[in-house]
Amino acid sequence: MATSILTALETLRTTRVWKSIFRRGPAITNRTRSVAVFGNLFLHWLPVKVREKSLRVRAAYYLGSLTLLLFIILVVTGVLLMFYYHPAAPKAYQDMKDLRFVVSNGVFLRNMHRVGAHLMVLLVFWHMFHVFYRGGYKPPHEFNWVVGVILLLLTLFLSYTGYLLPWDQLAFWAVTVGTNIISAMPLIGNKVRFVALGGHIVGENALLRFYVLHVVILPLLALLFIGVHFWRVQKDGGLTTGSKDDDGQN
Amino acid sequence: MGNNEQSAALPQPTGRPEVSRRDFLNEITLGALGIAGLGGAVLTYQYFSPNVLFEPSTTFRAGNPGLYPVNSVTFLQDQQVYIVRTASGFYAVSAVCTHLGCITQWKTEANMIACPCHGSKFQPDGKKIEGPAPRPLPHYAINLTADGELQVDKLQVIKADQILNV
């Protein structure tokens, strides 16, 4: 049975449809395997070969990959939440309550989105500290360190804009306090706050603005920078590995 | 050297640097794009600044002066304003903390206004007792309407020594 499945796969790989999708025949030699990775949009930023030590758990604790996984989880659960959520006052609060108490499995999705968001902030910081203490900001990784800082800021902005969306007391006061911090900027502070809120108070305009930032603009920017970040890891020569690893092995 | 003789024979415009057609077109294009970009930024800023707002009115009536006993502080929750009546008259103090915009509370037993967010404390006339608030609570313009009711204008900040005598 198992052999017949393998044979069927082998035959599938020689078909014209397979070749038209993957642009290659069967990946039998090292060269054809490498070419299959280079020529695939989803794989091309992955390394064709890696050092064994950079695959060890201790080399990175996979913190960056886990953050990406959380980002994907947040996109999926977030899109699902959007099917029931209206960014309007006071409907937003009622929709949030409905998601918790009325919609089937709504509370699961909402909590997954919420806990996932908290975890993502935690992991982004953990990842940053880990990279910092390993010296991962040093040449040739300086550019990717800056991209990482931009991603940290994008994560915090995503977190902050999402915080307003339940439209409860906590959200309202957090955003009131946060946008008052903006207005402490010299000269332009009040203008920036006015444009950010779309008014003088945290009202319907602010809710809609934060919603659009949260579900469209910031995720797209994050996706762009995540792409650059992962691609540059390989272009800069893979993960930072010291001459000796944490466990004293080379 | 023959080249030099040839160029000397050509009429040369003096005092002006030579600009090639390519450079000229490049500069014109970049300039146009710059102007368009700047205009786009201004238009975007204007688009994001609302012209009509559906926010609560900043002027409100606070009822008959007789409602407020002498030497009292009354918190009007809907307006986020304290109406203070002393022996000499009325004044209106903002209840919005000058630190980060939380709503303060009047503590009768301690005779002070306190902020629940970060612990700022104020006297009933808005003067700061302790931070982190950077400024005292502002006083709003208060006056009597023609039919004898108190009216407060939250857009008009007045000096703390201006008191309405009724």
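Mentor: Let us begin with a term: two strands are said to pair if DSSP finds at least two bridges between them. Keep in mind that this is a predicted model.

Trainee: In what order do the strands of the open sheet in chain B lie?

Mentor: In general, strands of a sheet pair through backbone hydrogen bonds, either parallel or antiparallel. Here the open sheet has six strands in the order β1-β10-β9-β4-β3-β2 of chain B, and the pairing is antiparallel. Its edge strands are β1 (59-63) and β2 (72-76) of chain B, each of which pairs on one side only, and neighbouring strands are turned against each other by 30° on average, direction ignored.

Trainee: How many bridges join β1(B) to β10 of chain B?

Mentor: Four bridges join β1(B) to β10 (residues 150-158) of chain B, and the two strands run antiparallel; within β10(B), L150(B) is the bridge partner of G63(B).

Trainee: How should I describe the packing of α8 and α9 of chain A?

Mentor: Two packed helices are described by the angle between their axes and the distance between the axes. For α8 (residues 142-164) and α9 (residues 169-182) of chain A, the angle is about 130° and the axes are 7 Å apart, which makes α8(A) oblique to α9(A). In this contact, Y160(A), Y163(A) and L164(A) of α8(A) meet A171(A), A174(A), V175(A) and G178(A) of α9(A); by class, six of the residues are nonpolar, one is polar and none is charged.

Trainee: Which element gives the most to the side of chain A that touches chain B?

Mentor: Between the chains, 13 residues of chain A are in contact with eight residues of chain B, and α9(A) gives the most to the chain A side, with five residues. That side has six nonpolar, seven polar and no charged residues.

Technical notes
Residues numbered from 1 in each chain as written. Chains lettered and ligands numbered in written order. Predicted model: local features only at pLDDT ≥ 70, side-chain atom pairs only at ≥ 80, totals over all residues. Axes fitted to C-alpha atoms, helices over the stretch in contact; angles between N-to-C directions. Parallel < 35°, antiparallel > 145°, perpendicular 65-115°, else oblique. Contact = placed C-beta atoms within 7 Å. Nonpolar A, V, L, I, M, F, W, Y, C, P; charged D, E, K, R; others polar.
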